Amino acid sequence: YFIIILQADFSVRNPGKPDSVFFKVTEFIFFLVFAAELVLRLYVFRCGFFIEGDYHWNWFDAIIVTTALVELVVNYVAEEISRQSVTWLRILRIIKLSRLIRVIRVVRVFRELRIMVMSIVSTLRTLLWSLVCVILIMSSI
């Protein structure tokens, strides 16, 4: 948690500046740890990983690790191609926040916070349909 707070503080204090090497290395290490955990769980549970028990969380973890991999590859390619900031890379930064949800799920100490986050996540489907309705209403006017 402390590294996430430090990175957020650094980003706020230094807008527009790229993250330091420390944050890039720690992000890569976290990715390796989560990817190794996912691979081990896939090895142990095989196909049951996607259909048994807490399979919703397993899918969520797989999506998080895949997104982190895509983000690492895109950041690497973007740094190699050009040093400009691209809008869609900012969207990938927002996806990083979903990793925080995974950490909260793993740590059972934050029961109330976990319940609150899960209720927010549960309302996203309703929010999506509400936005679709608003867009339909706005486009028909």
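1. From the N terminus, the elements of the chain run α-α-α-α-α-α. That is six helices and zero strands, where helices (H or I, at least four residues) and strands (E, at least two) are DSSP runs numbered from the N terminus. The model is predicted: local features need pLDDT of at least 70, side-chain atom pairs count only at pLDDT 80 or more, and totals for chains, interfaces and linings use all residues. Residues are numbered from 1 along each chain as its sequence is written, and side-chain values use heavy atoms, with hydrogens and water left out.

2. Burial and surface. Of the 141 residues of the chain, 23% count as buried; buried means under 20% relative accessible area, exposed over 50%, and partly exposed in between (1.4 Å probe, protein chains only). The accessible surface of the chain is about 10,800 Å², and carbon and sulfur atoms hold 73% of that surface. Accessible areas come from the Shrake-Rupley method with a 1.4 Å probe, and for residues only the protein chains shown count as cover.

3. Contacts. Among the contacts in the chain with a separation of 6 or more, 55% are between residues 24 or more positions apart. Contact here means heavy atoms within 4.5 Å.

4. Salt bridges. How many salt bridges does a search of the whole structure find? The search finds two, a salt bridge being a side-chain nitrogen of Lys or Arg within 4 Å of a carboxyl oxygen of Asp or Glu. In one of them, the side chains of Glu37 and Arg41 meet at 3.1 Å, N to O. Both residues lie in helix 2 (residues 21-45), four residues apart, about one turn of the helix. An α-helix has 3.6 residues a turn, so residues three or four places apart point the same way.

5. The Arg41 network. Asp61 also forms a salt bridge with Arg41, with the closest N and O atoms 3.0 Å apart. This pair links distant parts of the chain, since Asp61 is in helix 3 (residues 55-81) and Arg41 in helix 2, 20 residues apart. Through shared partners, the salt bridges join Glu37, Arg41 and Asp61 into one network. Asp61 and Arg41 are both buried, Arg41 with a relative accessibility of 15%. Glu37 counts as partly exposed, at 29% relative accessibility.

6. Separations between C-alpha atoms. Lys24 is placed in helix 2 and is partly exposed, with a relative accessible area of 37%. Its C-alpha atom is separated by 9.4 Å from that of Leu72, 48 residues apart along the chain.

7. Backbone at Arg46. Arg46 is found in the loop between helix 2 and helix 3. Its phi is near 55°, a positive value in a residue other than glycine. Arg46 counts as exposed, at 52% relative accessibility.

8. Helix 6. The number of buried residues among the 17 of helix 6 is zero, so the helix lies largely in the open.

9. Nonpolar patch. Val121, Leu124, Leu127, Leu131 and Ile135 make a nonpolar surface patch of about 440 Å². Patches are made of residues with over 30% relative accessible area and no salt bridge; like charges are joined within 9 Å, and nonpolar side chains (Val, Leu, Ile, Met, Phe, Trp, Tyr) within 5 Å. Helix 6 gives the most to the nonpolar patch, with four residues. Ile135 has its place in helix 6 and counts as exposed, at 55% relative accessibility.

10. Cysteines. The count of disulfides comes to zero, a disulfide being taken as a pair of cysteine sulfur atoms within 2.5 Å. Cys47 is exposed, with a relative accessible area of 63%. Cys133 is partly exposed, with a relative accessible area of 44%.
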